[in-house]
Amino acid sequence: MFTLAEVASLSDIQPTYRILKPWWDVFMDYLAVVMLMVAIFAGTMQLTKDQVVCLPVLQSTVNSKVQPDTAGKADFTTVETTTGQEEASMRTVPFAPTVTPDILQSRATSSQYQPTESDQELKKEQKDSSGRKTNLDFQQYVFINQMCYHLALPWYSKYFPYLVLIHTIILIVSSNFWFKYPKTCSKIEHFVSILGKCFESPWTTKALSETACEDSEENKQRLTGAQSLPKYVSTSSDEGSPSASTPMITKSGFKFSADKPMIEIPSVTILDKKDGEQAKALFEKVRKFRAHVEDSDLIYKLYVGQTVIKTVKFIFILCYTANFVNTISFEHICNPKVEHLIGYTQFECTHNMAYMLKKLLISYISLICVYGFICLYTLFWLFRIPLKEYSFEKVREESSFSDIPDVKNDFAFLLHMVDQYDQLYSKRFGVFLSEVSENKLRGISLNHEWTYEKLRQHVSRNAQDKQELHLFMLSGVPDAVFDLTDLDVLKLELIPEAKITAKISQMTNLQELHLYHCPAKVEQTAFSFLRDHLRCLHVKFTDVAEIPAWVYLLKTLRELYLIGNLNSENNKMIGLESLRELRHLKILHVKSNLTKIPPNITDVAPHLTKLVIHNDGTKLVVLNSLKKMTNVAELELQNCELERIPHAIFSLSNLQELDLKSNSIRTIEEIISFQHLKRLTCLKLWHNKIVSIPSSITHIKNLESLYLSNNKLETLPAAVFSLQKLRCLDVSYNSIAVIPVEIGLLQNLQHFHITGNKVDVLPKQLFKCVKLRTLSLGQNCITSIPDKVSQLLQLTYLELKGNCLDRLPATLGQCQLLRKSGLVVEDHLFDTLPSEVKELLNQDTGIPFANGI
């Protein structure tokens with residue numbers, strides 16, 4: 001026999017699961033334990049005391065219609081009990097030896113018993129006894145009692161305790177199945193574990209404390225009549241302030257003003273490194289658990305299913321118990337059909353447990369009714385509200401974490417269950433669902449890691465000799481960055497939660513800011529500082545929505561670089577109409593995939609002096625808006641799939657430099673129209689498919705630089721050499737075989753590049769260009785270098801590598817500014833020079849021009 005403790009362990013749930021047990025589940029568990037005790041008590045009594053006592057019904061009494069009160073005068077007590085197994089009937093307690101002598105009957109007409117030698121003894125006993133006499137001995141009574149226990153006693157009286165036990169076990173299993181089912185218990189274990197850690201995490205307490213501090217600070221400011229400026233309005237000036245749609249930070253951990261020192265929040269946000277790492281790990285666990293649980297509603301369905309099963313079970317038990325409750329009776333008539341053994345056909349039996357079973361059954365029905373009403377209430381709760389949705393609306397209202405997302409499916413159901421235990425769990429758990437909370441934690445950890453000393457080590461000098469700091473893939477912008485007051489350039493790359501605080505006003509030297517995939521948010525005071533001091537801004541993005549709206553409101557901005565996807569669908573969203581506020585913008589650089597120049601760019605056209613459009617190979621079709629850019633001095637249209645020089649360019653009277661690199665231009669006959677561009681000095685047509693240069697190029701009188709490299713030129717027309725102001729000519733990587741002798745006319749030529757062609761002979765007239773500083777002749781078919789190379793006294797860079805030379809002229813030593821670092825030749829050719837020439841070329845290699853260009 002199992003003990004009560006062993007049976008009670010079936011309903012034992014881990015203590016940590018109690019937060020998922022609402023009051024009705026706890027109450028039903030207690031009811032199940034009471035029902036279990038009823039079953040065990042009834043079963044124990046049935047196994048030890050259950051029996052029936054039977055007496056024969058005398059034929060003479062039946063025939064004479066004996067009054068019923070003669071059937072038995074003893075006052076028996078009926079006891080209700082639970083049903084038992086059939087083996088219990090074999091344990092019927094035998095009658096006491098005094099039972100048979102007390103019952104006397106008259107058997108005068110019976111022919112079964114013949115007179116024996118013991119007649120005298122029987123007569124003696126009859127004289128000493130009183131009552132009706134029967135001819136049954138003790139063994140016959142035992143036999144008939146056991147036989148009538150099975151024949152006369154109803155099955156419900158015998159098996160009632162076991163039915164109660166089975167029903168109770170089923171109810172217990174139904175209540176706790178979702179804690180044991182593999183596909184749900186694993187999620188529940190993770191949830192309970194994470195919830196407990198989130199509840200006890202120091203970060204939860206500190207984050208909520210910080211919220212309380214922020215709320216009290218805001219209330220204090222309201223009561224003291226703090227400045228009531230409109231949202232997003234700068235404290236220093238109303239002009240150019242962001243609009244309501246500008247993604248600025250209006251509530252932050254710090255409060256600043258232009259004239260007052262910063263006020264820090266109390267030190268509740270200070271975490272040690274261990275607590276910070278644990279909190280970051282919790283954020284990651286919560287994120288993964290949410291993704292794992294929100295994709296299904298198995299736990300919800302299982303809980304609803306087991307509740308329905310318990311309700312159906314309650315109805316079933318109540319229905320069939322009501323039918324059999326009247327079968328439990330104290331008196332029973334037994335007809336065993338063993339008259340040939342006993343001599344009697346009918347017996348009247350008493351069930352000694354009937355009264356106790358009756359009382360236990362009433363108790364059991366009462367418990368079942370209470371259990372059933374609780375099941376019905378549970379079903380009402382399950383379907384009254386959508387439990388597969390959970391809103392943190394109250395938490396968002398009570399805290400500063402307004403971004404706590406609503407959850408669904410099993411995640412939502414588990415939180416609803418927890419709320420029945422204590423709503424404080426959900427409130428503290430919501431802290432780890434908030435991105436704002438996570439960002440604050442990252443900011444604290446970031447400030448611990450990136451101190452002022454560490455940042456100072458990462459500051460470097462760029463090509464413009466400016467102090468530059470490049471921060472890459474951090475969780476935010478460390479506060480110590482704003483203490484680098486002498487910084488000139490700040491680059492922020494892949495920092496999705498970058499926040500520029502008011503402390504940036506300390507960086508008085510900052511004039512250039514780079515935001516690479518970094519949609520930075522700024523505080524009002526920080527925006528005011530950037531608006532008045534920032535000169536150059538680089539923004540690199542994947543989608544146009546990543547461009548911070550405050551970018552278009554920086555009124556003192558001189559240079560703006562936009563690098564990202566600005567296709568035709570997004571052009572209408574780019575918001576370039578706001579560029580009209582950039583009254584001082586001079587340079588606009590757009591590297592994207594435009595199909596046309598956005599019409600709104602004309603808002604800033606009068607201010608622009610340089611426009612650069614670098615496409616990714618997308619064909620730029622509409623260029624009419626270029627006509628309005630009358631002040632543009634530099635224009636670059638690179639990789640735009642242009643097939644001809646756009647006519648709109650001919651209207652740019654102030655154009656000085658035109659770059660049409662990497663297009664599909666085949667002919668440049670329109671170049672004659674450049675004669676109207678009196679200020680054009682630099683023309684870059686490199687990396688195209690140009691096959692010839694028209695003679696009309698002579699009309700560009702002021703041209704100083706001409707770049708035609710990487711085309712399909714085979715000859716250089718004499719017209720090119722009529723450009724007397726030409727200082728740089730680049731025709732590298734074409735198919736030119738001859739350098740015309742007219743090149744000697746270019747007396748102002750300083751840089752000549754003809755690398756990667758088919759030149760085999762250098763004309764002597766080339767060396768009349770005595771101002772040459774750079775001469776690139778590599779990768780040709782040149783067999784010899786004339787001695788007249790010595791006339792190039794200003795030559796600092798000479799490329800000869802990749803030709804058919806067998807020696808170098810000794811006159812190279814007369815090129816006073818040429819050094820070995822500026823001489824690009826094979827090593828064996830350099831060794832052919834006289835030793836004194838080599839010494840001249842090797843000396844003073846430390847001077848600046850010795851490194852070539």
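The structure is a predicted model, with an average pLDDT of 78 over the protein chain. An unreviewed UniProt entry annotates residues 27-47, 159-179 and 361-383 as "transmembrane region".

**Confidence**

- A pLDDT of at least 70 is reached by 79% of the residues.
- Residues 218-269 remain under 50 in pLDDT, and the model places 85 contacts beyond four places in sequence for this stretch.
- Residues 846-853 likewise have pLDDT under 50, with 15 contacts beyond four places in sequence in the model.

**Annotated transmembrane regions**

- Residues 27-47, one of the spans in the UniProt annotation, are 100% helix and 0% strand in the model. The C-alpha atoms at the ends of residues 27-47 are separated by 30 Å.
- Residues 159-179, also among the spans taken from the UniProt entry, are 100% helix and 0% strand. For residues 159-179, the distance between the end C-alpha atoms is 31 Å.

**Packing of H9 and H14**

- Helix H9 spans residues 273-293 and packs against helix H14, residues 409-421. Their axes lie 6 Å apart and form an angle of about 110 degrees. Because the angle falls within 65 to 115 degrees, H9 is roughly perpendicular to H14.
- On the H9 side, the contact involves Phe289, Arg290 and Val293. These residues meet Asn409, Asp410, Phe411 and Leu414 of H14.
- By residue class, the contact of H9 with H14 comprises four nonpolar, one polar and two charged residues.

Definitions and conventions: Residues numbered from 1 in each chain as written. Predicted model: local features only at pLDDT ≥ 70, side-chain atom pairs only at ≥ 80, totals over all residues. Heavy atoms only, no water. UniProt positions renumbered as here; feature names shortened; annotations may be inferred. Helix = DSSP H or I, 4+ residues; strand = E, 2+ residues; numbered from the N terminus. Axes fitted to C-alpha atoms, helices over the stretch in contact; angles between N-to-C directions. Parallel < 35°, antiparallel > 145°, perpendicular 65-115°, else oblique. Contact = heavy atoms within 4.5 Å. Nonpolar A, V, L, I, M, F, W, Y, C, P; charged D, E, K, R; others polar. pLDDT = per-residue confidence, 0-100.
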